[in-house]
Amino acid sequence: MDNRIVKVIVDAPLNGALDYLNNPKLNLKKGGRCLVCLGRRTVIGIVVDFSQESEVPSDKLKEVIGVPDDIAPLTKDWLELCQFTAHYYLSYFGNVAIPALPRFFRTSPNTAHERSIKKMRELSNNKKQKEVPIPQLTDEQKYVVEDFGKIQNFGVGLLFGITGSGKTEVYMRLIDQVLSKDLKSQVLLMVPEINLTPQLVKRVQERFPKELVTSWHSAMAEGKKASAWLATHEGRSRIMVGTRLSVFASLPSLKLIIVDEEHESSFKSIENVRYSSRDLAIKRAQLCNIPILLGSATPSFESLKKALDGDYRLYRLTHRAKNLSQLPKWEFIDTSKEKVVDGLSQITCDEITKTIDAKHQVLVFLNRRGYAPVVTCNGCGWHSLCPHCSTFAVYHKTTGRLTCHHCGWSMPIPKSCPKCGSVELVAVGRGTQRIEEEFDSRWPEANILRLDQDTTRTRGSVEKALSRVHEGEVDILLGTQIIAKGHDFQNIALVVILNADGQLLSSDLRARERLFSLLMQVSGRAGRGSIPGKVILQTRYPEDDFFKYLADQDYEGFALKELRERNETCLPPYSAQALIVAEGNSIQDVLVFLKRIKDFFIRFNIPEIQIYDPVPQAIVKIQDISRGQLLVEAKNRKVLQYFLARVIPILRKKKTGFSWYIDVDPISI
């Protein structure tokens with residue numbers, strides 16, 4: 001075997017691998033981690049190949065120092081996934097693969113390394129689990145389980161099921177099928193939100209009490225991440241439930257991938273390598289030659305188009321799984337005609353009172369935390385702007401401070417206007433804190449629970465709060481997106497939606513798609529038990545077609561209408577896009593720099609590529625850094641990839657004086 005030279009990838013912006021001299025005593029293998037010298041540092045690398053020759057003279061090559069532990073090598077398909085990610089998202093192999101490992105396995109070992117691994121290997125399922133009843137499948141669920149279960153090789157299924165239709169039960173049955181076929185087979189179940197992971201892990205664990213179910217998300221302690229990774233890497237855990245990061249988990253015997261709520265934007269990474277974990281999950285299934293199921297009540301337009309075109313298998317769940325459970329009825333309150341006091345119409349107030357009197361629960365959704373989005377001066381018009389960002393600083397009454405939700409800058413709310421000295425400072429608009437205060441005043445006897453980022457900072461706080469709702473200790477549940485999805489509330493009879501108009505009028509390409517999805521998810525919390533559900537939405541634009549489709553709960557009709565419009569204007573998914581985002585001290589300088597990039601791109605003269613003029617980003621300044629963007633568009637991904645593969649490597653070699661990055665398939669423009 002030609003193995004005199006070892007090719008090793010490291011966490012550095014390098015094209016390809018670095019060459020090192022092999023040490024035969026180490027018995028290195030492809031996919032194995034090793035210790036190498038990088039400059040003056042000793043770092044962890046991954047062996048990706050062997051060779052007899054190197055372009056670097058032998059006397060300049062350093063020898064591999066050693067191996068950190070006895071952990072088995074990473075699999076071929078895992079390496080191929082990382083390499084594909086680097087290629088498609090214009091990154092570097094090592095910058096994808098090494099950070100995909102838990103920190104424990106990508107840092108040089110210390111004296112306690114082996115003891116830590118031994119302790120991790122003691123991780124087992126030693127909890128006594130009570131048996132849970134297995135629900136009967138509906139005819140629609142049975143068809144999905146039987147038909148999708150027949151897929152032996154790579155294939156993509158889209159499970160398009162209304163809220164409460166029992167998608168999770170379908171997942172459980174498919175997982176059971178896979179685990180029953182082979183004692184070594186593994187399953188990856190991906191979810192979008194950290195807050196959904198613990199409850200889903202618990203549900204999966206209860207369903208499979210003999211299995212070690214591991215989870216993987218960014219909020220986990222590093223030690224727990226390492227233990228979970230090792231358990232799946234060594235096959236002791238056959239089920240992993242994880243968020244975006246879990247697409248890179250090591251599962252050597254992976255036989256099924258399920259992506260729940262596949263439409264969610266949180267599956268897209270927005271820092272470092274800006275990858276879509278949903279798309280990478282599909283690629284991983286292809287590399288492993290296994291089936292993958294995408295599930296959603298409101299599928300992304302990209303996935304729905306592929307399903308309707310026949311590229312994916314389309315499965316529909318059109319009825320709620322529980323016989324007594326019905327979809328809620330919608331009522332739209334025209335706030336341009338109805339008088340609104342403290343953010344609520346009289347009709348809304350009457351419905352809330354009626355629901356509480358009937359001993360049922362109310363869910364109030366407002367996707368804005370804090371007390372008020374801005375404080376202003378009646379005397380001179382001063383606004384509470386963040387000094388470091390081009391956004392308002394939000395008033396948080398519980399802390400008595402103005403806080404920027406983008407950079408974290410904070411200061412005590414001034415007693416008088418900083419500009420003119422007037423004491424007539426007014427909090428404008430409503431956040432969840434203010435609504436909670438106003439609800440306390442209107443319904444003093446009601447038990448009100450607020451759930452948002454400010455009330456759920458401590459570990460386990462979400463679970464504790466939700467258990468109070470399930471146990472009937474809460475009359476009104478008020479919150480942001482935390483309460484919108486994945487919760488099976490049995491006693492919520494009324495959902496009230498406040499302030500949806502802002503996103504409805506947004507210029508963002510996907511704003512209406514996201515809003516429809518979010519409102520469908522929120523409405524789905526009502527009427528899940530035997531109690532009929534109702535949804536009240538206050539808006540100034542009830543005549544908009546958007547609300548007609550929403551009232552009919554016709555997501556497919558809405559999506560087809562939007563897709564026709566996108567097709568006419570050649571917008572995604574009928575085109576492919578990439579953003580070049582640049583940062584600097586001055587937005588004018590940033591835009592001049594991006595104009596130079598545009599001129600450089602134009603010189604390649606590829607007719608299928610459209611290059612737009614540079615513009616400032618929606619939020620121009622964050623943490624004193626100004627940001628602009630340059631949009632590149634092509635008729636399809638193949639053409640875009642061809643173009644980017646030619647221009648980006650050249651651009652990276654140029655000394656620009658600006659910080660910039662590329663975002664392939666951006667979710668927001």
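The model discussed here is a predicted one. The protein has 669 residues, and its secondary structure comes to 18 helices and 29 strands.

**Overall form**

- A compact globule with 669 residues would have a radius of gyration near 26 Å, and the 27 Å of the protein agrees with that value.
- Taken along the principal axes, the C-alpha atoms fill a box of roughly 80 × 65 × 55 Å.
- Of the 669 residues, 54% count as buried.
- The accessible surface comes to about 31,100 Å², and carbon and sulfur atoms account for 49% of that surface.
- Among the contacts with a separation of 6 or more, 75% are made by residues 24 or more positions apart.

**Cysteines**

- A disulfide is a covalent bond between the sulfur atoms of two cysteines.
- The count of disulfides in this model comes to 0.
- For C420, the closest cysteine sulfur is that of C380, at 3.7 Å, and this too is too far for a bond.
- C380 is partly exposed, with a relative accessible area of 30%.
- C420 also counts as partly exposed, at 42% relative accessibility.

- F365 has G479 as its bridge partner in β22.

- Another open sheet has 4 strands in the order β2-β1-β4-β3, with antiparallel pairing.
- The edge strands here are β2 (18–21) and β3 (33–38), and each pairs on one side only.
- The twist in this sheet averages 55° from one strand to the next.
- Strands β1 (residues 5–9) and β4 (residues 41–51) pair in the antiparallel sense over 5 bridges.
- V8 stands opposite V47 in β4.

**Strand β28 and its partners**

- Strand β28 (residues 625–634) is largely enclosed by the rest of the structure, because 9 of its 10 residues are buried.
- Strand β25 (residues 576–584) runs antiparallel to β28 and is joined to it by 9 bridges; A582 stands opposite G628 in β28.
- Strand β26 (residues 609–611) also runs antiparallel to β28, with 3 bridges between the two; the bridge partner of I611 in β28 is V632.
- Strand β27 (residues 615–622) pairs with β28 in the antiparallel sense over 4 bridges, and V615 has Q629 as its bridge partner in β28.
- β27 and β28 form a hairpin with 2 residues between them; in the turn, Q623 has a positive phi of about 55°.

**Two contrasting residues**

- L402 is placed in strand β18 (residues 401–403) and is buried, with a relative accessible area of 1%.
- Leaving aside residues up to four places away in sequence, L402 touches V375, W382, S384, A393, V394, Y395, W409, S410, M411, I413 and P414.
- L402 and V375 are 27 residues apart in sequence, and their C-alpha atoms are 8.5 Å apart in space.
- P607 lies in the loop between α17 (587–602) and β26, and P607 is exposed, with a relative accessible area of 74%.
- The C-alpha atoms of P607 and V241 are separated by 44 Å, and the two residues are 366 residues apart along the chain.

Terms used:
Residues are numbered from 1 along each chain as its sequence is written. This is a predicted model: local features need pLDDT of at least 70, side-chain atom pairs count only at pLDDT 80 or more; totals for chains, interfaces and linings use all residues. Side-chain values use heavy atoms; hydrogens and water are left out. Buried means under 20% relative accessible area, exposed over 50%, partly exposed in between (1.4 Å probe, protein chains only). Contact means heavy atoms within 4.5 Å. A disulfide is a pair of cysteine sulfur atoms within 2.5 Å. Two strands pair if DSSP finds at least two bridges between them. Axes are lines fitted to C-alpha atoms, for helices over the stretch in contact, and angles run from 0 to 180 degrees between N-to-C directions. The radius of gyration is taken over C-alpha atoms; the globule rule is 2.2 Å times the number of residues to the power 0.38. Accessible areas come from the Shrake-Rupley method with a 1.4 Å probe; for residues, only the protein chains shown count as cover.
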